[in-house]
Amino acid sequence: MLKQLERLQRTIRLGLRLKLTLPYVALALAVAVVGAYFASRLIFDSLQDRFVYQLQSSGRLVSEAVVEIENEQLDTLRAIAHTAGVAEAVAAGDAGTLRAIVLPLSVNRRADLVDVLDTGGQAVLSLARSGSTSFEYDVSQGAGVYADWPVVQRVLAGESDELGDKFVALAESPWGPALYIAGPIYLRQELVGVALVGIRLDQLVQQLLLATGSYVTIYDPEGAVLTSALPDGDADERALTPDFYRHVQQVQDDTMPTRSFSVGEVEYGEVFGPFEARGGEDLALFSAALEPNIIVRASPITQAGLAVVVAVLFLFVILIGTMLARSITRHLLSLVHASQRVAQGDLSPDVRVRTGDEVEELATSFNEMVRQLREASRMQDIFGRTVSPQVAEELLRKGLELGGETREVTVLFSDIRGFSTISEYQSPQEIVAWINEYMTEMELAIRGWGGVITRFVGDAIVATFNAPGEQPDHPHRAVRAALAMCSRLDNLNRLRADRGDAPICHGIGIGTGRAVAGRIGSPDRAEYTVIGDAVNVASRLQDLTKQYQDQGMSILAPSATVERLEQRDDLDISDLGEVQVKGREQPVRVYGISSKDGGGGRAGKAH
């Protein structure tokens, strides 16, 4: 009977997702009902008054932002006019020198338009920024459109007002309508030119949009749209009548008139104000437009009621969340503690959970994962003790099936010279001890350059580069590994000499070419190795080092390896000519390699 009840419990189970979802569905429904109630109460408050107030605030922000932009232009103009060398370059008409001085100033201050004129109103230098965010400028000179501008004529006439000798105006520049500020350039109190700093109106309204969040439009004195940050629409439909233009000017000290319009399917509210220059001169009109927002003014009573309801709902959420968390986290915490132990390397945890929901499934999956980790760790430990870590990782990743892949590799063969002489009067235990000592040093040298030792054959070593991992510079790595082997052998021989042992000599052959790399053998017994011409060449060249031992050469490599060395300034490379290698029809050009500093590659003699 008990087993039948357990079976029924597993069949009729309440999923974890449903356990979490149902309470919050109820909460969401309650919040929606209460929210709908308060929304129905709040919509009776005045929205239009709030929107008009927001429009008025946007208009004032735009006016303040325009003043800041004018002040930035004024600072840039003063910097240009008073920088050493500018007045002299203007007086001499030296556009090259002027560009070298003015262009860095313009870039640093992010000026949009800069023009430097001579006393005839001709442009000695004109700079126009290539884009709104670009630091590149179009450079020109010789334009004469500025001579007729009233603002330029006032500067050339030496006029000044209560604010000084700088003047602001809207003008049609070669780059479109722009807001300019003009000022004189003096050389030893003599007027030699005019500096103009401007910003194109299309760039200006984009800056105002970023600064205020409102879509700014500028209208000329005729009421036509000069430029606008609004999306594309019919500008003529938004043109102002002369009466409305005059009305805005007349009431500017008291209020900012508003109106509504549409662009496509989007409705906007628009507030108007004067576009003023320094000193309060009206240059044009501007408008700031916003999309109507749902701005709600709640009474204190509704605010208090809403606060009470929200507080009760929050307490209800906290209560349900606490109860739900208490029923779930007990088992999840046991999983957390077990996962922390696994992360620290302990693969013994076995979590027992009987909840009949997804938490139990999670625990079961966790236990299976840990079991597989234990198995993988055991297999990797076995492989790591019999083959190199790289080969073990490759076999675990690709499986143990027989087969391989064809790829270009560099193979290194090394063999101890005079092994019989060294071991003639030694016991087997002593021989094994010094061979292991030698092999340890050689393995460190090979692994230091990314080589993979595929075989230890008696006192010989076979290592590959560019297999199983990718190593585009494998010829370079193999040569450097061979030099490191010779260097480590020199150190080992000094240690052996201190012990009274005979020195060890070895020969190293290197071969580069295409070969098959993979697990080769029978299904019951196989090994990771490489087979190909490069292997044969490396083996034969290692054997050939015996003939060059008297010349001090312990490393031989073919041209296929030497020609691909990335760095050879520190190497002595001797061309030994072509050699007929056993097992090949074509001869191999062979090179002897050693280090110039004597750190490796020079063979000694075995005793």
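This is a predicted model: local features need pLDDT of at least 70, side-chain atom pairs count only at pLDDT 80 or more; totals for chains, interfaces and linings use all residues.

Entry one, strand pairing. I looked up β15 and found seven bridges joining it to strand β16 (residues 526–532), the two running antiparallel.

Next I looked for another partner of β15. Two bridges join β15 to strand β17 (residues 555–558), and these strands run parallel. Here I noted Gly 509, whose bridge partner in β17 is Leu 556.

Is β15 mostly covered or mostly open? I found that β15 (residues 505–521) is mostly covered, with 13 of its 17 residues buried.

I turned to the second largest pocket and read off a volume of about 470 Å³. I listed its lining next: 23 residues, of which Ile 69, Glu 72, Arg 110, Ile 199 and Gln 207 are the closest to the pocket centre.

Which elements give two or more residues to this lining? I found α3 (48–82), β6 (190–200) and α7 (201–212). I noted that α3 gives the most, with seven residues.

Last, I sorted the lining of the second largest pocket by residue class. I got eight nonpolar, eight polar and seven charged residues.

Summary for my own use. β15 pairs antiparallel with β16 and parallel with β17. For the second largest pocket, I have α3 down as the element that gives the most to the lining.

Definitions and conventions: Residues are numbered from 1 along each chain as its sequence is written. Side-chain values use heavy atoms; hydrogens and water are left out. On a 1 Å grid over the protein atoms alone, a cavity is a set of points where a 1.4 Å probe fits but cannot get out, and a pocket is an open set with protein on both sides within 12 Å along at least five of seven lines; lining residues have an atom within 4 Å of a point. Grid points are joined across faces, edges and corners, and a volume is the space filled by probe spheres set on the points. Helices (H or I, at least four residues) and strands (E, at least two) are DSSP runs, numbered from the N terminus. Ala, Val, Leu, Ile, Met, Phe, Trp, Tyr, Cys and Pro count as nonpolar, Asp, Glu, Lys and Arg as charged, and the others, Gly among them, as polar. Buried means under 20% relative accessible area, exposed over 50%, partly exposed in between (1.4 Å probe, protein chains only). Two strands pair if DSSP finds at least two bridges between them.
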